[in-house]
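The following exercises concern the packing of secondary-structure elements. Each task is followed by a solution in steps.

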Amino acid sequence: MRNNFDPNQVSLFDPGQNRGIPRERERVNRLCHIYNNITSFDNLLLSWQEFLCGKRKRKDVAEFSVNLTDNLVALYGELADKTYQHDGYTAFKINDPKPRNIHKASVRDRLVHHAIYRILYPYFDRKFIYDSYSCRIEKGTHRAINRFSDFGRIVSQNNTRTVWVLKCDIRKFFANIDHLILKEILARHISDQDVLWLLGQIIDSFNSSRKGVGLPLGNLTSQLLINIYMNSFDHFVKRELKVKYYIRYADDFVILSGNKQILEKLLLKIEKYLHKKLKLQLHPDKVYIKTLASGVDFLGWVHFSDHRVLRKSTKRRMFKKMVNNQKNETYQSYLGILQHGNSYKVRRILDETCKKYNTSKNKFVI
């Protein structure tokens, strides 16, 4: 078991050595002495309780629960002795809305993911820029699209000027995350070598097209790691490029400006940074510059100067699902989505669809 924790250490942050030498802003306040916090039995138990939400009836979770105490003790021992090794993944595909390859880790490994996330997320969340909205508490798609509307009004000066939008999408984002670059970024923030070892076990447990590249869609840690990976790019856009109206959600990001030529110049610098620093490329078919008045497709909605409407493909998928699954919960969830845009006609069609196909007592009656 690890017993090198300094009892005089009050803070979890390492102010660093060689104080007389200037250091980069990202290297200040590095996390240290947190391995015991992550791998403690109390943290594993709390992580298990959080992990259980909505999963109690699943077969693999139920099997792990049968001998919960023994499993937790065994996992705690492996982490304490640093003999822990991440298992493989179960792969499957989903189509929502486009085909995606999902890789599911074992219950034991997902528990470790939760234990890591509980400790690291609060620290890294403070490092992220305000307008990064993916997989963060009190953020998400709805706040991102509302922010987009706010930026549109500001840049257009209440719809009195033309707004140009640079819309970008990173090609095969999760599949092209470079392990070495990610580990180097983590090392700038974390001085605890045991934590870096544990993160390395998770990062190296998956490879996409080639060794040393890719993160699995499905891991809780992947959600945090992609934001850490892209954080340097976010700060590059805000600090070096001096972009004021910038929003990023995972691999999608937009920049708003009143000048098209400025956006064209920014695009060249963005492509160069992503390729050189992060080994990422923009999707050639999903990068464009157009006016807000002509409609900008972002996060499932098509945004205009004074309103937004649901994307056509999203509407078709919604109606199809309602025909096949007309439960009250499904209907209410779609109403919750539609309230975030101009969707009176869509709601009316949705109601008519439910009435038309209500053929059984198990279906939802409007």
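**Exercise 1.** Across which strands does helix H10 lie, and at about what angle does H10 run to E5?

*Solution.* The model is predicted: local features need pLDDT of at least 70, side-chain atom pairs count only at pLDDT 80 or more, and totals for chains, interfaces and linings use all residues. Residues are numbered from 1 along each chain as its sequence is written, and side-chain values use heavy atoms, with hydrogens and water left out. Helices (H or I, at least four residues) and strands (E, at least two) are DSSP runs numbered from the N terminus. Helix H10 (residues 260-277) lies across E5, E7 and E8, at about 20° to E5. Angles run from 0 to 180 degrees between N-to-C directions, with axes fitted to C-alpha atoms, for helices over the stretch in contact.

**Exercise 2.** Give the strand order of the open sheet and identify its edge strands.

*Solution.* The order is E6-E7-E5-E8, with antiparallel pairing; two strands pair if DSSP finds at least two bridges between them. Strands E6 (246-249) and E8 (288-291) are the edges, each pairing on one side only. Between E5 (residues 164-169) and E8 there are four bridges, and Trp 164 stands opposite Thr 291 in E8.

**Exercise 3.** Determine how H7 and H8 are oriented to each other.

*Solution.* The axes of H7 (residues 179-189) and H8 (residues 193-203) come within 11 Å and cross at roughly 155°. The two helices are therefore roughly antiparallel, the term for angles over 145 degrees.

Key. Contact means heavy atoms within 4.5 Å. Angles under 35 degrees count as roughly parallel, over 145 as roughly antiparallel, 65 to 115 as roughly perpendicular and the rest as oblique.
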